[in-house]
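Please consult the sequence and the coordinates alongside the text.

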Amino acid sequence: MALFLTLLLILFFPCSSNADWPPSPGYWPSSKFRPISFYKGFKNLWGPSHQSVDQNALTIWLDRTSGSGFKSVRPFRSGYFGASIKVQPGYTAGVITAFYLSNNEAHPGFHDEVDIEFLGTTFGKPYTLQTNVYIRGSGDGKIIGREMKFHLWFDPTQDFHHYAILWHPREIIFLVDDIPIRRYPRKSAATFPLRPMWVYGSIWDASSWATEDGKYKADYNYQPFVAKYTNFKAGGCSAYSSPRCHPVTASPFRSGGLTRQQYRAMRWVQRYHMVYDYCRDSKRNHALTPECWS
């Protein structure tokens, strides 16, 4: 009788475990790109003494003296950019581990940026994964962030997971293990990055804001703070590609967008694991973020 009731529950409530793990997206864009070695696609940007490479796995770390960062060799005007990342457990408040696109060196004070950032945490609390988009305005006192934040459905300190940005002329899609967690569509040229960007990664001290709005700072009694990257993927249209280069997409659709199954997986993530959405923040001036209501 107990077995019969169990089978009935499974039959009529097949999604009862959905709060634990996302539904399959049905499509895996990372499988369309081959891994590249670190030195083939990237170079050290700063903190060379706080960076090491072993069999294509990159380790960077932060201590009292320095953090570290790296940068792609080529700029891109669209593409798929991913890496498998593992972050440090324990007390990491104030520490940012990042993988992102930017043109800040080409356009200082007026740059574009697309971020995936792990915001460090305190004992017993999960990491926050922050996604963000900046368009032509950082360092000039008029920075406008477009943050969405998540608590992941797994512990990112226990193993490597793949984090990626798909930048298409019509949209930006953030993915975790090929599951779309956010889609940022192009609604106007004023709210979308269109200039070529490079791929970056870094670990650094952001104590002034990273953890609970700066409440908890980096504590160097726990140094070094270590981040590991592997399985680098970067493909698409470089800034030097022919104008006929066709942008890559996150779905089987050549024109971009997501499948119904991918949307279902993304809605699950946003329902159960999103902890902040700038468009829903009543304290924000949404005249500055017209994409929230247009």
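## Confidence

The model is a predicted one. Its mean pLDDT over the chain is 92, and 91% of the residues reach 70 or more. Residues 3–17 have a pLDDT below 50, and beyond near neighbours in sequence this stretch makes two contacts in the model. Where pLDDT is low, the predicted coordinates should not be read in detail.

## Nonpolar cores

The largest nonpolar core comprises 51 residues, of which Trp-153, Tyr-163, Ile-172 and Tyr-229 touch the most other members. In soluble globular proteins, nonpolar side chains tend to be buried together.

Ala-250 is placed in the loop between strand S14 (225–238) and helix H3 (260–272). Is Ala-250 buried or exposed? The relative accessible area of Ala-250 is 0%, so this residue is buried. Setting aside residues up to four places away in sequence, Ala-250 touches Tyr-27, Pro-29, Leu-166, Ile-173, Leu-258 and Gln-262. Lys-43, by comparison, is 207 residues from Ala-250 in sequence, and the two C-alpha atoms are 26 Å apart in space.

## Disulfides

The structure contains two disulfides. With the bonded cysteines of the chain numbered in sequence order, the pairing is 1-2, 3-4. The table gives the geometry of each link.

| Pair | S–S distance | Angle about the S-S bond | Hand |
|---|---|---|---|
| Cys-237 and Cys-245 | 2.1 Å | -95° | left-handed |
| Cys-279 and Cys-292 | 2.0 Å | -80° | left-handed |

Where do the parts joined by Cys-279 and Cys-292 lie? Cys-279 is in the segment after strand S15 (274–277) and Cys-292 is also in the segment after S15, so the pair ties together parts that are 13 residues apart in sequence. Cys-279 has a relative accessible area of 27% and is partly exposed. Cys-292, at 24% relative accessibility, also counts as partly exposed.

The two ends of the other link are described separately. Cys-237 counts as buried because its relative accessibility is 1%, under the 20% limit. Cys-245 has a relative accessible area of 26% and is partly exposed.

## Annotated positions and the pocket

Which residues does the UniProt annotation "active site" cover? According to that record, an unreviewed entry, they are Glu-113 and Glu-117. The lining of the largest pocket includes both Glu-113 and Glu-117.

Glu-113 lies in strand S7, which spans residues 113–119. At 13% relative accessibility, Glu-113 counts as buried because the limit for that class is 20%. Apart from neighbours within four places in sequence, Glu-113 is in contact with Tyr-100, Leu-101, Ser-102, Asn-132, Val-133, Tyr-134 and Met-197.

## His-168 and its surroundings

His-168 is found in strand S10 (residues 161–168). With a relative accessible area of 4%, His-168 is buried. Not counting residues up to four places away in sequence, His-168 touches Phe-192, Pro-247, Val-248, Thr-249, Ser-255 and Gly-256.

## Backbone features

The peptide bond from Gln-223 to Pro-224 is cis, with omega near -5°. Pro-224 is in the loop between strand S13 (198–205) and S14.

Asn-56 has a positive phi of about 70° and sits in the loop between strand S2 (51–54) and strand S3 (57–62). Asp-178 likewise has a positive phi of about 70°, and its place is in the loop between strand S11 (171–176) and strand S12 (179–185).

Which accessibility class applies to Asn-56? At 40% relative accessibility, Asn-56 counts as partly exposed, because this value lies between the limits of 20% and 50%. Asp-178, in contrast, has a relative accessible area of 7% and is buried.

Definitions and conventions: Residues are numbered from 1 along each chain as its sequence is written. This is a predicted model: local features need pLDDT of at least 70, side-chain atom pairs count only at pLDDT 80 or more; totals for chains, interfaces and linings use all residues. Side-chain values use heavy atoms; hydrogens and water are left out. Helices (H or I, at least four residues) and strands (E, at least two) are DSSP runs, numbered from the N terminus. Buried means under 20% relative accessible area, exposed over 50%, partly exposed in between (1.4 Å probe, protein chains only). Contact means heavy atoms within 4.5 Å. pLDDT is the predictor's confidence in each residue, from 0 to 100. A nonpolar core is a set of buried Ala, Val, Leu, Ile, Met, Phe, Trp, Tyr and Cys residues joined through side-chain atoms within 4.5 Å. A disulfide is a pair of cysteine sulfur atoms within 2.5 Å. UniProt positions are given in the numbering used here, feature names are shortened, and annotations may be inferred rather than shown by experiment. On a 1 Å grid over the protein atoms alone, a cavity is a set of points where a 1.4 Å probe fits but cannot get out, and a pocket is an open set with protein on both sides within 12 Å along at least five of seven lines; lining residues have an atom within 4 Å of a point.
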